[in-house]
Amino acid sequence: MPGRTPKPLVAGNWKMNGSAASRSLLAEIAAGYGPDLQAKTDLLVCPPAVLVPMAVATTAATTIAVGGQDCHAKVSGAHTGDIAAAMLAEAGATFVIVGHSERRTDHAETDAVVKAKAEATLAGGLTAIVCVGETKDEREAGRALAVVEAQVRGSLPAGASPANTVIAYEPVWAIGTGLVPTVADVEAMHADIRRVLGDLVGQDAAGMRILYGGSVKPGNARELLGVANVDGALVGGASLVAADFLGIAAAYS
Ligand SMILES: O=C[C@H](O)COP(=O)(O)O
């Protein structure tokens, strides 16, 4: 389709899961990510920050990218427990997830905070995956499109382009629940995000990846990822099982 991204991205967000033993999971993913899959789908794994070097080393002979799950908005300083985008880059990461709903909730991250983190990600030379999504109450109140529009407008980093920014739409109520929106709802949301991006970045909007996330499994991947304006997936639980993660990536084959 003209103007669309050349290749979808399937990204695994391990959240607070994994250990040194996850090397075997990565090796299994790497072994299953053969030339056919590589030609059709980009793959990314985002383990906890301490596992980034191991993930980079284990996937070094592949085109699998490695990312962080968060970063601080500043480049360094007195921020105990935080990590800078440049540190993730030095460890070999090329992406950072920012504004995941679990961070927005657990750490009270506002759109302004998420935008600052996304800008720090870009400044560090990495690609930002900016997460947005409505709660169940917001959807039931008919406010899903408006809530997500405000999040996109408030969280998109200055200088966003298809090369450095990915949007991930994740309805909060679909994360880890087995619930997924209807195809019509996904289509309407992704079309609206594309429209909002058009306002914000002009023609670049056509090439910016918009991922869907929330209970993506091999069994529903083909349907969800086949929706117009869905350029890949942000996968939680299923990214911890090699066959499931690869099965989702294979939705594009
Ligand atoms: O970042 C990933 C999402 O929160 C989706 O998680 P899930 O696939 O376990 O529902």
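A residue is called buried here if 20 or more other C-beta atoms lie within 10 Å of its own, exposed if 12 or fewer, and partly exposed in between, with C-beta atoms placed from the backbone. Strands are DSSP runs of E of at least two residues and helices runs of H or I of at least four, numbered from the N terminus. The model is a predicted one: local features need pLDDT of at least 70, side-chain atom pairs count only at pLDDT 80 or more, and totals for chains, interfaces and linings use all residues. Residues are numbered from 1 along each chain as its sequence is written.

I begin with strand β6, residues 165-169, where 5 of 5 residues are buried. Thr165, Ile167 and Tyr169 point one way, while Val166 and Ala168 point the other. In a regular strand, side chains alternate between the two faces of the sheet.

Strands pair if DSSP finds at least two bridges between them. β6 runs parallel to β5 (residues 127-132), joined by 5 bridges, and Val166 is the bridge partner of Ile129. With β7 (residues 210-213), β6 pairs in the parallel sense over 3 bridges.

I turn now to the annotated site. The unreviewed UniProt entry marks Asn13, Trp14, Lys15, Gly176, Ser215, Gly236 and Gly237 as "binding site". They span 225 residues in sequence, yet no two of their C-alpha atoms are more than 14.0 Å apart, so they gather at one spot. UniProt positions follow the numbering used here, feature names are shortened, and annotations may be inferred rather than shown by experiment.

Is Gly236 buried or exposed? Gly236 counts as buried because it has 20 C-beta neighbours inside 10 Å.
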